[in-house]
Amino acid sequence: MSAVQKYSTYPPTVFLGLHFTNTALIPLATRSVSESETFLLLTRPIYQAPGLEPLIVYLPILAHVTSGVILRYLRQSRRARQFGAETREQRKAIKSTGRPASVQAMLGYAMIPLIGSHILANRLVPLYVDGGSSGVGLGYVAHGIARSPWLMGAWYAALTGIGVWHFVGGWAWWFGWREVLVTKRAAPSHGSSASGANGGYLGSQKGTELYQRKQRRRWIVNGTSLVGTALWLAGGLGIIGTGGLGVGWEAKGWDALYSQVPLLGGLLVPDK
């Protein structure tokens, strides 16, 4: 199950690289939504070909989330057996004293509704209304942000920031940098992380080689996440987000799509 959780991140990482290029780097280079749209159309067949998108996006994400939940349940069950818990109250008590979810896991849980709403607005609703998402591009996103700048801007910033931090942190986790991504309570209870008399962990005091290595890794993870998020927001909100409303039949079509998005439709396209 650990292998499933790890290797299920590979295909979405390829997709994320293409998506980051199309929606952040290219808009920053062209400074134009319409010109950037051309590059998006060139790469779209790579990851939106029939049957290919589910293989590199939807199924790996589903496998990643499901395996993560199962692994957490198995760890809790194993811990309960180790301590001889038999009743629900005993298992609940042991669960409350166990390891809290890591920062990485919490970011992943926060991504679920964000990426779900992204798929809903950009794939499922267009599929339901128009039979496909061929009309969904950067102009569609610009139109939605122009319709509700604060709502869509906050949602876009949350999706981008949490998404980048989760992906960067995930790869750091696979590289073995787990100590950067866990809370203090979640640190292992053996070896160099044993609790010290001052309430810290042996080897974690300032000045030690272990502490310095951990700090360097933390700077790398946080710095990479910050730069990636800043670039994506600069291209996504700074360029695409200022593209403004569409015009003519295209704008009417986009309004028809946004109006069908559950919960958000009425806010994006209010009834006249």
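Predicted model: local features only at pLDDT ≥ 70, side-chain atom pairs only at ≥ 80, totals over all residues.
Residues are numbered from 1 along each chain as its sequence is written, and side-chain values use heavy atoms, leaving out hydrogens and water.

User: What makes up the secondary structure of the protein?

Analyst: There are 11 helices and 0 strands. Helices are DSSP runs of H or I with at least four residues, strands are runs of E with at least two, and both are numbered from the N terminus.

User: Why is Gly-241 called buried?

Analyst: Its relative accessible area is 17%, and the cut-off for buried is under 20%. Gly-241 therefore counts as buried. It sits in the loop between H9 and helix H10 (248-259). Gly-241 touches Ile-145 and Gly-236, not counting residues up to four places away in sequence; contact means heavy atoms within 4.5 Å.

User: How many residues along the chain lie between Gly-241 and Val-141, and what separates their C-alpha atoms?

Analyst: They are 100 residues apart along the chain, and their C-alpha atoms are separated by 7.4 Å.

User: Why is helix H7 described as largely enclosed?

Analyst: In H7 (residues 138-147), 7 of the 10 residues are buried, so the helix is largely enclosed by the rest of the structure. Among them are Leu-138, Tyr-140, His-143 and Ile-145.

User: Why is Leu-74 called partly exposed?

Analyst: Leu-74 has a relative accessible area of 38%. Leu-74 is found in helix H4.

User: What makes the nonpolar surface patch?

Analyst: Met-1, Val-4, Ile-70, Tyr-73 and Leu-74 make a patch of about 450 Å². Helix H4 (residues 52-82) gives the most to it, with 3 residues. Patch residues have over 30% relative accessible area and no salt bridge; nonpolar side chains (Val, Leu, Ile, Met, Phe, Trp, Tyr) are joined within 5 Å, and like charges within 9 Å. A salt bridge is a side-chain nitrogen of Lys or Arg within 4 Å of a carboxyl oxygen of Asp or Glu. Areas come from the Shrake-Rupley method with a 1.4 Å probe; for residues, only the protein chains shown count as cover.

Key. Buried < 20%, exposed > 50% of the residue type's maximum accessible area, 1.4 Å probe, protein only.
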